[in-house]
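Please have the sequence and the structure at hand while reading.

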Amino acid sequence: MNTLTPVIIVLFSVFFGCDLNAQDWKYDFDEAMALAKENDQKIVLFFTGSDWCPPCIKLEKNILSSDEFSEFANQKYVWVKADFPKRKKNKLSLEQKQKNKALAKRYNKKWIFPVILVLDKNGTVLGATGYRRDLTVKGYISLLTSFDSFGG
């Protein structure tokens, strides 16, 4: 039985490894703020239209969901997703819709999608970007970390 243990661990890692490294998306901004303060981290706030916005879908598929980006993701950031889906099957709860609208009213008044904001642990915007076809995964990582120098 001991000889099977390493094999099981390797198989588990191969089949589930991507999920273990993926961003731990938060959907409650207050929870994210509390975590950021507790762990002295910055917040990445992602405004998306996950089922209707082609650049949002491309950004999430090609950059945010990549293995390389996932490894970077949780190092010093708390991740918050404010999604605005339109399809019935992706419908959010009324409470979540209200939370997302409140975030948009505060941080995305022009309703531009996608928007990625880097905030300090107090909610001050340090930098913003959207979908950039000219950036690779490494480019996005570099851009997001460049915003760190603007805040505490």
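Which residues have the most contacts inside the largest nonpolar core? In this predicted model, they are Leu64, Phe69, Trp79 and Leu144, within a core of 21 residues.

**Nonpolar cores**
- The elements that give two or more residues to this core are strand S2 (42-48), helix H3 (54-64), helix H4 (67-73), strand S3 (77-83), strand S4 (115-119) and helix H6 (137-146), and H6 gives the most, with 5 residues.
- Leaving aside residues up to four places away in sequence, Phe69 touches Gln23, Ile63, Leu64, Trp79, Val137, Tyr140, Ile141 and Leu144.
- Another core, of 20 residues, lies apart from the largest one, and among its members are Phe29, Phe47, Leu103 and Tyr107.

**Strand S3 and its partners**
- Because 7 of the 7 residues of S3 are buried, this strand is largely enclosed by the rest of the structure.
- Both faces of S3 are covered, with Tyr77, Trp79, Lys81 and Asp83 buried on one side, and Val78, Val80 and Ala82 buried on the other.
- S2 and S3 pair in the parallel sense over 7 bridges, and the partner of Ile43 in S3 is Val78.
- S1 and S3 also run parallel, joined by 2 bridges.

**Lys26**
- Lys26 lies in strand S1 (residues 25-26), and its bridge partner in S3 is Val80.
- Lys26 counts as buried because its relative accessible area is 12%, which is under the 20% cut-off.
- Not counting residues up to four places away in sequence, Lys26 touches Glu31, Ala32, Leu35, Val78, Trp79, Val80 and Lys81.

Key
Residues numbered from 1 in each chain as written. Predicted model: local features only at pLDDT ≥ 70, side-chain atom pairs only at ≥ 80, totals over all residues. Heavy atoms only, no water. Core = buried A, V, L, I, M, F, W, Y, C linked by side-chain atoms within 4.5 Å. Buried < 20%, exposed > 50% of the residue type's maximum accessible area, 1.4 Å probe, protein only. Helix = DSSP H or I, 4+ residues; strand = E, 2+ residues; numbered from the N terminus. Contact = heavy atoms within 4.5 Å. Pairing = 2+ DSSP bridges.
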